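Me: I would like to learn how to read helix packing and domain contacts in a model. Please take me through it step by step.

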Amino acid sequence: MTKIFITLVAAMLLAFSLVATAQEAVPMDSEAALAEARDAAAAETKSRDEFRSLDSEVQSLKKEVLDLNRDLFLLEEELLFPANSQVAFFVSMDVGEYFSLDSVNIKIDGKEVANYLYTEREADALMRGGVHRVHMANLKTGEHELIAVFVGKGPHVRDYRRGATISFDKGIGAKYVELEITDSVKKQQPEFAIKEWE
Amino acid sequence: MRASRSFILRLCVLFLVAAPGVQAAGDQVEPVVIKDPQFGEALFHFYQEDYVPAIVRLLVAKEQNRLSEHADAADLLLGGMYLSYGHHLEAAEIFEDLLAGNVAPDIRDRTWFFLAKIWYQRGYLDKSRDALANIAGALPENLENEAAMLGAQIQIDAGNYAQAIAGLANWKGETEWARYAKFNTGVALVRSGRIEEARVLLDELGSLEPYNDETAALRDKANVALGYALLQDGQPLAAKIPLQRVRLEGPFSNKALLGVGWADAEMSSYRRALVPWMELRGRDLLDSAVQESLLAIPYAMAKLDAISQAADHYLNAIEAFHEESNRLDRTIGFIESGDFFDQFIANDPLNSSGWYWSLEALPEGPESRYLFHLLATHRFQEGLKNYRDLNYLSRNIEDWLQNVDVFENMLETRKEAYAQRLPLVEAALEQADLDRMVESKLSFDATVDNIESSFDWLSLAKKSEFDMWDEITDLERSPAVQADIPEAAEVRDKVDLLKGVLQWNLERDFKERLGQIRRDLHLSGEALVETQRSRRQIDEAMRTEPLRFQALSDRVYGLAPRLEGTRMEISNAMIRQREFLQEIAVGELQAQKDRLGVYSVQARFALAAIYDISSSSEESSK
């Protein structure tokens, strides 16, 4: 009886290591134990194969869903913002030592179209180099005026509110406009600029 | 656009090094200027660990050819994000293509390392081994150690103990990694039957002075492993030494106590064996060592001729096993009903997905205590990740299905707006005779040329000037002014003066006025060209718009069946994944139950033997 107890516990103990799980049973010293070990190994192989097959299936579904999302996103954009009239407004931040962004307010031709409040996570993503598409619009060809107001905390954690404006020409084809927040080391102040992308 | 602080090629690999949410700060990386806003947009989501939106944005930008400035970096970022999202096969395809090219060797090696690690966790041992083999140079020290340990672990899993031992042999020194290597070498030696060699290594580890929880756990583990190896090898006296070094409270204490007892029992010191076993019986019955002690105690008592006490303990053990077995049955029932996984999904916030996610708390309930150690296995964890990811995919598709109607409405609205506008546009186009306008323009050009060549200054007079000129010439021709009287001669002189002044002014302004007219004509010409171009665009739009609508209709109305098909596939995959996880969990619980069953049978058999002996001795005394 002793032997059986010991082999059971020993098998359990030695079946793992510190770095990762080893699934194989310990060699046992009886016929029954050997047969049990063989069965366990076969079951392990079967389970591993089954996992792999399911995992492959999940992988292919992930691809399918991502492709579907891509197509849906494209379709949504084409339906809502046809290329001829599409204008996209992006917010970016370089360094961000003198300004911590809370919100951006956008007016196009005097009409407020977006007022976006940033979460801490989003503001952090901006500071690390992310670019946020804050608004999409359909505009007719011709001259338009954009006014952006940035609200947040400036140097010495004081409330800070600054505006920037630009007149831009909307031609045929999509137009991208970037609202850029940069640090002016010379002035020890943030700077706000709007620029057009080709 | 802004200059990112991290060179993107390093970025995704550094992200893999770091734990979720941890920036790879301090790495010396080159800055890069983001030249495509869509690339920055993908980064915006990536930095928030929202991998699916980030991947989709990048795929969309690729499809729209808006990543011309970041083509290679975008692919690498995509590969990194696929890995983060747990889409490792797709990631590997990208990396295999890109890593063959002009990528810095350290980045390439790190990427192979992480692929190897992910594949190992997912049970793709062959792929994991191949990925490790692709590492050409030296990795950073911590990764180098982990990679070597991973390689050895793959060999141990494959039963290639000799290779594992050889792979681990180079580890020298007193570092933590060197200790792990020793332990794994010890395990591999035990498994290949080289007990005495294993003894040296495990004894060394088992005697180390622990300075933190990790080294204390390693010391206990080595001692237990060595103790049981020696017990198996028939050296109970030697086995006691390492087993007694294990802490009394800790994850390995139950096994050590049981082992010490068996070592004494092997040497027929049953009274001594009872000391650790009696300590065990008050502990958690979930532990197999505790279960085994319930049988070991009466076994020792019987050996000490305390038959009556042994019978009591066997009866207690049978009762305890029965109750534990019932609890296991209830847990198996709970898992088989699917409620466990339903609760898991219901409680899951789905705020992150992919490779980094791990289950930190099991759903509360009596069954949780049985499942904790299941979570330590890669297969269950990875299976649960897949189940969770499938749930995420399912919710994603459900959300899109809600929007299919909106898409259809948008399309129909656009079609309607087009249909309403088309007759108005056609009517306006009919009225606007562009050819006639072009002819007029050419005719104006000719007239102006004539005026210039004939210096016809009067043609460029303003209306007021022209009226004045007419008035003067009318006055000039009037009989009164023509009369041969002194007063008329005086008026004639004044008329001549006026006429002369007007002519002089018109001749003076002729050049400037001609220039203005030429400029106006030029602008008219440009406007005419623009109008012609617009007209061509309108004609083209009128020709292509119905085709575009047809293509959009095909896409929009093809959505619902496509989404439904995918939803069905996901649902079926979720069922299969759940069945697989249930099978693992129930298999584990069933094994515990079977063990209790074996113990129960042994207890009953021993009890029957005791009763038999008792009745035989009663009969013989009668």
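Predicted model: local features only at pLDDT ≥ 70, side-chain atom pairs only at ≥ 80, totals over all residues.

Me: What angle do α12(B) and α14(B) make, and how far apart are their axes?

Reply: The packing angle of α12(B) with helix α14 (residues 253-266) of chain B is about 25°, and the axes lie 10 Å apart. Angles under 35 degrees count as roughly parallel. α12(B) is therefore roughly parallel to α14(B). There is also a hand to read: α12(B) and α14(B) cross in a left-handed way.

Me: Which angle and axis distance belong to α10(B) and α12(B)?

Reply: Helix α10 (residues 176-191) of chain B packs on helix α12 (residues 213-232) of chain B at about 15°, with 11 Å between the axes. That angle makes α10(B) and α12(B) roughly parallel. The crossing of α10(B) with α12(B) is left-handed. On the α10(B) side the contact is made by Glu176(B), Arg179(B), Tyr180(B), Phe183(B) and Val190(B). On the α12(B) side, the residues include Leu218(B), Lys221(B) and Ala222(B). The contact of α10(B) with α12(B) divides into seven nonpolar, one polar and four charged residues.

Me: Are α3(B) and α4(B) roughly parallel or antiparallel to each other?

Reply: Read the angle before naming the arrangement. Helix α3 (residues 51-63) of chain B meets helix α4 (residues 71-84) of chain B at about 150°, and their axes are 10 Å apart. Angles over 145 degrees count as roughly antiparallel. α3(B) and α4(B) are therefore roughly antiparallel to each other. Their crossing is left-handed. Among the residues in contact are Tyr51(B), Ile55(B) and Leu58(B) from α3(B), and Leu77(B), Leu78(B) and Met81(B) from α4(B). The contact of α3(B) with α4(B) has ten nonpolar residues, one polar and two charged.

Me: Now the domains. Into which domains is chain B divided?

Reply: The assignment gives domain 1 (1-103), domain 2 (159-280), domain 3 (287-431 + 558-622) and domain 4 (452-543). Take domain 3 and domain 4 of chain B: their centres, over C-alpha atoms, are 97 Å apart. Five residues from domain 3 of chain B and five residues from domain 4 of chain B make the contact.

Me: How is the size of such an interface given?

Reply: Often as the accessible area lost when the parts come together. Here domain 3 of chain B and domain 4 of chain B bury about 360 Å² between them, with 70% coming from carbon and sulfur atoms. Of the area that domain 3 of chain B buries against domain 4 of chain B, 82% is supplied by Tyr418(B), Val425(B) and Leu429(B), more than by any other three residues.

Note on methods. Residues numbered from 1 in each chain as written. Chains lettered and ligands numbered in written order. Heavy atoms only, no water. Axes fitted to C-alpha atoms, helices over the stretch in contact; angles between N-to-C directions. Helix = DSSP H or I, 4+ residues; strand = E, 2+ residues; numbered from the N terminus. Parallel < 35°, antiparallel > 145°, perpendicular 65-115°, else oblique. Left-handed = near helix turned anticlockwise from the far one by under 90°. Contact = heavy atoms within 4.5 Å. Nonpolar A, V, L, I, M, F, W, Y, C, P; charged D, E, K, R; others polar. Domains from an automatic or database assignment. Buried area = accessible area lost by both parts, 1.4 Å probe.
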